Amino acid sequence: MMGKSAMIDSTAPIAGLAKRISALKQPQLFSFSKPDSNNHVSILSIKDLTLRELKIPPLRRRKGIDCHVTELAPLCFANCIYLEKVKLPDGWETIGDYAFYNCISLTEVDLGSPAGKELDARLAIEAFEGCSSLKELTIPPHVELTKTCNVAGRLYIEKLTFLPRSHVEEYPPALPLCTALQEVINFPDCLNLLDFCFQGCINLKSFNIPPSCKTIGYSAFADCIGLQDIVIPETVGEIGSFAFAGCRGLHSAEILSDKLKINFMAFGGCVNITSLTLPKGLKVLESCAFAGCTGLKEITVMAENLYMGQSVFAHCGDIDCVVLDCKKIKELKPDADIILQNPINLRDYGLGEGEINISPYTNSAIDALFPAKVIYINKNGVKPVFDGQYTEKPCERTGYRKFVRAAVWQ
């Protein structure tokens, strides 16, 4: 019989093997860039395309130094078709273009807390190109959200929510041709809505213009055919050319501004607007501002002193009634650039049928400015000067005079 001292320790080889295995270099899930001077690194790619959930680490240990993960390189998670949930690390600075391209199962993205107050983190919405299951996205403060490609692409986000921000932005997000977008919640307070900012967002149903906004840019909401109503707040001083042109679903435009200029074709082709109230604060109506609004039946003009271009209401069909409270209306001298476009064809802008010729001469006749069947003029307002055959009739409105076009005499 073998003594205790001669017995073989059968666990020794196993323990030694385990120690050697643990000492081996573990395979990494990500490939990283080299650290920069601030010990920041980027994730270049992922090595396991079958993951369903991913929490991106905030640090990478390299040569005894903790390096901060601040960037996702372009296409770094492309074609991770099983990936469903992603959480970004706090302190990230950049999500590269097409970073999650074609992640068709992705439904949830947690953007965490980005870089901080000193520097806005950058996110191009094309990072989620082809993510057909991603319907909602929440944008934290201090993120510069952009769209770098001016084509519709394959973006499926229907709802964008912006978490509250403590500052007014000079250059807010611009997201043209996001055709799936239906709802924008808490859009950042800003000084300007940029040119083309939501142009072609055909499913956008409503939008709250921020309370500090001063200008609405060129074609800002052009061809947003799903937009149903809009309120222009008091702070807005200018609505750019074509800002709401082609918004065929728009049936209500409430204008509250106390000092406003409405530019060329700003509401051109908004065929479902039936009534319009132009407030006291309206100062300038440029040529063709409401051209092609074929559903327009009633206009109330409360502006006291108004400068108007030509053909503001050209090709609006038969406007039934105009109520004028103006004390003074003066026609603007036509812009040379607009005259050079003669004849202006609405079809060229996708705003209906008809041609408009802008004359180099001004004409301040009431019916030239407001081509309506019946025109009510405040007794203390503008002088009733007409080009056409209008006859004064007994007026049912106290304090007004009523003028009826000859073709619609009762």
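These legends describe close-up views of one predicted model. Residues are numbered from 1 along each chain as its sequence is written, and side-chain values use heavy atoms, with hydrogens and water left out. Because the model is predicted, local features need pLDDT of at least 70 and side-chain atom pairs count only at pLDDT 80 or more, while totals for chains, interfaces and linings use all residues.

**View 1. The largest pocket and its lining.**
The largest pocket has a volume of about 190 Å³. Its lining holds 14 residues, and Glu144, Glu169, Tyr171, Pro172 and Pro173 are the closest to its centre. The lining divides into seven nonpolar residues, one polar and six charged. (Nonpolar means Ala, Val, Leu, Ile, Met, Phe, Trp, Tyr, Cys and Pro; charged means Asp, Glu, Lys and Arg; the others, Gly among them, are polar.) On a 1 Å grid over the protein atoms alone, a pocket is an open set of points with protein on both sides within 12 Å along at least five of seven lines, while a cavity is a set where a 1.4 Å probe fits but cannot get out; lining residues have an atom within 4 Å of a point. Grid points are joined across faces, edges and corners, and a volume is the space filled by probe spheres set on the points.

**View 2. The largest cavity.**
The structure holds one cavity of 30 Å³ or more. About 40 Å³ of space lies in the largest cavity. Ile125, Leu155, Tyr156, Ile157, Leu160, Cys178 and Leu181 line this cavity. The lining has seven nonpolar residues, no polar and no charged.

**View 3. The nonpolar cores.**
The largest nonpolar core has 106 residues. Phe100, Phe198, Ile216 and Phe313 have the most contacts inside this core. A second, separate core has twelve residues, including Phe242, Cys288, Ala314 and Leu346. (A nonpolar core is a set of buried Ala, Val, Leu, Ile, Met, Phe, Trp, Tyr and Cys residues joined through side-chain atoms within 4.5 Å. Buried means under 20% relative accessible area, exposed over 50%, and partly exposed in between, with a 1.4 Å probe and protein chains only.)

**View 4. Aromatic pairs.**
The whole structure has 22 aromatic pairs. The ring centres of Tyr98 and Tyr101 are 6.2 Å apart and their planes are at 75°, so this pair is edge-to-face. Tyr98 is partly exposed at 27% relative accessible area, and Tyr101 is partly exposed at 29%. Phe242 and Phe264 also form an edge-to-face pair, 5.7 Å centre to centre with 80° between the planes. Both Phe242 and Phe264 are buried. (Rings of Phe, Tyr and Trp, with its six-membered ring, pair if their centres lie within 6.5 Å; planes under 30 degrees apart are stacked, over 60 edge-to-face, and the rest tilted.)

**View 5. Thr300 in its strand.**
Thr300 sits in strand E22 (residues 298-301). Thr300 is buried, with a relative accessible area of 19%. Leaving aside neighbours within four places in sequence, Thr300 is in contact with Leu276, Thr277, Leu278 and Val323. (Contact means heavy atoms within 4.5 Å; strands, E, are DSSP runs of at least two residues, numbered from the N terminus.)

**View 6. Pro384 in its loop.**
Pro384 is found in the loop between strand E28 (372-378) and strand E29 (390-393). Pro384 is partly exposed, with a relative accessible area of 29%. Pro384 and Arg401 are 17 residues apart in sequence and 9.0 Å apart in space, C-alpha to C-alpha.

Terms used:
Helices (H or I, at least four residues) and strands (E, at least two) are DSSP runs, numbered from the N terminus.
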